[in-house]
Amino acid sequence: LVNKMDISDEEMDGDDGQWRSRFTGPEEPATSGWSVNSPPGVPHRVILHFDLDCFYAQVEMIRDPSLREVPLGIQQKYIIVTCNYVARERGVTKLMSVTDAKEKCPELVLVRGEDLTLYREASHQVTELLSSFCPLVERLGFDENFMDVTEMVERRMKETPPPEGYSFSGHVYNPSSELDSDHPRLALGSHIAAELRDAVHSRLGLTGCAGVATNKLLAKLVSGTFKPNQQTVLLPEDVGHIMESLGGVRKVPGVGHQTAKRLHQLGVVSVKDLQLLPLPDLVKEFRGAVARRLRNLSLGVDDSPVTPSGAPQSLSDEDSFKKMSSEAEVVEKIQQLLSRLVERMQKDGRQPQTFRLTIRRYTPTNKWFSRESRQCPIPSHLGQKILSGGPALQKDSAKHQSLLENWKCDLKKFLEFPSKIQNKEILESPKSMNEFFL
Ligand code: DCP
Ligand code: MG
Ligand code: MG
């Protein structure tokens, strides 16, 4: 259930959609951006990627420090969405079923992680803190941020030029490359990354990994080389190695499930295959720009800019269930989601513009890619009503209830909802979502 403030940009999405859009840069990388038009004396960008360690688990361990010493799993439904590193040492992995995890590690302590409020708040605090050092910060999901620190690096190059052989902070992806090359800008970038990780730790109590490289794709790929709470630099001479070490094309950020399927049909399985496939063959299957983009990604070339995220452009909430087949159940669930959204909209204070409802039905053949959405504008008087409660509104106050009831009532009329849900129709008929909204 999404409430859009502006153009489409879901806050968090388990799909590949986010990746694809985040890695969509200029259509013709070879003729724009840094590769051709770099200002003289600026050979390349310095990009950082941050990824917090076992994020939800860390937030829970801050809330209750006694959890630090025990193997901890964060449970959503029947899945361990993440676990602390104590649990990982005992064989628990991310996205394991609770049953399997308990079998691996009977002493595993479980905390429910369905309420994302604290994780969302911590996530935005991290982005805010990073933004106070340098405005070019882009969020990816809840626990990752890209940063373009090129300007910070250039400033340091001028103010205190590093000596020859200036050493790196943290790891270098391939230590032997460090010996016979000189990369002062990446070295400065690695020191900035260390300072930022330090700031995040001392001010927010959170640890994480960082990658330092010349573009977003490479920074993201290298950041998890040493985990947890470590950082790694990728030098330009090792780009070929890191790309080929990925193996399958699906491992390349920006290559989603569907793209990988189409590539497989062309006989392209590994990153190497993608590098070697003649471009005309790739263009035949994909649009020209997409084909070139794919080719570039396979080579570790990514000119997409770090685009500051700013305030989220949409607020969304969602839930999933094994079975939901009656109108009453659907309405109840939507009301729950709406109630949480209304609170967040009031806190945010901006007038909502668009309402979007998404369902994701399970089909055995198409497990994860069956989202269907319908959306409509929210009339101004309704948008104002949603906000009129003000930020101090208490969750259970009578005022809040009546506001919600009122809004739901208008909304129902407006959407002719839920009278159009014919029970199973919404789950079974492919066209049912079209009837949902006017
Ligand atoms: N998450 C989730 N469902 C998923 C994937 C992730 O709810 N399918 C949540 C839980 C994680 C958080 O997002 O804590 C960040 O995801 P990561 O993949 O970065 O995993 P962690 O930060 O938990 O662990 P790591 O230390 O490996 O980065
Ligand atoms: Mg993480
Ligand atoms: Mg992550």
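Where is L95 found? L95 is found in the loop between α4 (85-89) and β5 (96-97), where helices (H or I, at least four residues) and strands (E, at least two) are DSSP runs numbered from the N terminus. L95 has a positive phi of about 65° although it is not a glycine, and with a relative accessible area of 59% L95 is exposed; buried here means under 20% relative accessible area, exposed over 50%, and partly exposed in between, using a 1.4 Å probe and protein chains only.

This is a predicted model, in which local features need pLDDT of at least 70 and side-chain atom pairs count only at pLDDT 80 or more, whereas totals for chains, interfaces and linings use all residues. Residues are numbered from 1 along each chain as its sequence is written, chains are lettered from A and ligands numbered from 1 in the order in which they are written, and side-chain values use heavy atoms, with hydrogens and water left out.

Helix α9 (residues 184-204) has 21 residues and reaches 30 Å from its first C-alpha to its last, close to the 30 Å expected at 1.5 Å a residue, the expected span being 1.5 Å times one less than the number of residues. Among the buried residues of α9 are L186, L188, G189, I192, A193, L196 and V200, as well as the arginines R185 and R197. The buried residues of this helix pack against β2 (47-52), α6 (117-131), β8 (144-148), α7 (150-159), β10 (208-213) and β11 (231-233). Just after α9, G205 takes a positive phi of about 75°.

A nonpolar core is a set of buried Ala, Val, Leu, Ile, Met, Phe, Trp, Tyr and Cys residues joined through side-chain atoms within 4.5 Å. The largest such core has 43 residues, and those with the most contacts inside it are L48 and M147. At least two residues of this core come from each of β2, α3 (55-63), β3 (72-76), α6, α7, α9 and β10, and α9 gives the most, with seven residues. If neighbours within four places in sequence are left aside, L48 is in contact (heavy atoms within 4.5 Å) with residues including M147, G189, I192, A193, L196 and V212. Apart from this core lies another, of 30 residues, among them V222, M243, L294 and V306.

**The magnesium site**

The magnesium ion (ligand 3) is coordinated by D51 (OD), D143 (OD) and E144 (OE), at 2.2 to 2.7 Å. Donors are N, O and S atoms within 2.8 Å of the metal (3.2 Å for Na, K and Ca), and water is not among the atoms, so sites may look incomplete. Along the chain, the donors of this ion follow the spacing D-x91-D-E. The magnesium ion (ligand 3) and the magnesium ion (ligand 2) are 3.5 Å apart, and D51 coordinates both. D51 in strand β2 and E144 in strand β8 are 93 residues apart, a pair that links distant parts of the chain. D51 is partly exposed, with a relative accessible area of 22%, whereas E144 counts as buried at 12% relative accessibility.

**Aromatic and charged side chains**

A search of the whole structure finds two aromatic pairs. Rings of Phe, Tyr and Trp (its six-membered ring) pair if their centres lie within 6.5 Å, and planes under 30 degrees apart count as stacked, over 60 as edge-to-face and the rest as tilted. Y56 and Y119 form a stacked pair, 4.0 Å centre to centre with 10° between the planes, and this pair links helix α3 to helix α6 across 63 residues of chain. Y56 counts as buried at 10% relative accessibility, and Y119 is buried at 0%. F55, Y56 and Y119 form one aromatic cluster.

Two charged side chains sit over rings, which requires NZ of Lys or CZ of Arg within 6 Å of the ring centre and within 35 degrees of the ring normal.

| Charged residue | Ring | Distance to ring centre |
|---|---|---|
| R88 | Y85 | 4.2 Å |
| K216 | F146 | 5.3 Å |

T82 lies in strand β4 (residues 79-83) and counts as buried at 7% relative accessibility. Not counting residues up to four places away in sequence, T82 touches residues including Y56 and R88.

**Backbone features in loops**

A cis peptide bond, with omega about -15°, joins K227 and P228, and P228 is found in the loop between α10 (216-223) and β11. K77, in the loop between β3 and β4, has a positive phi near 55° and is not a glycine; K77 is partly exposed, with a relative accessible area of 30%.
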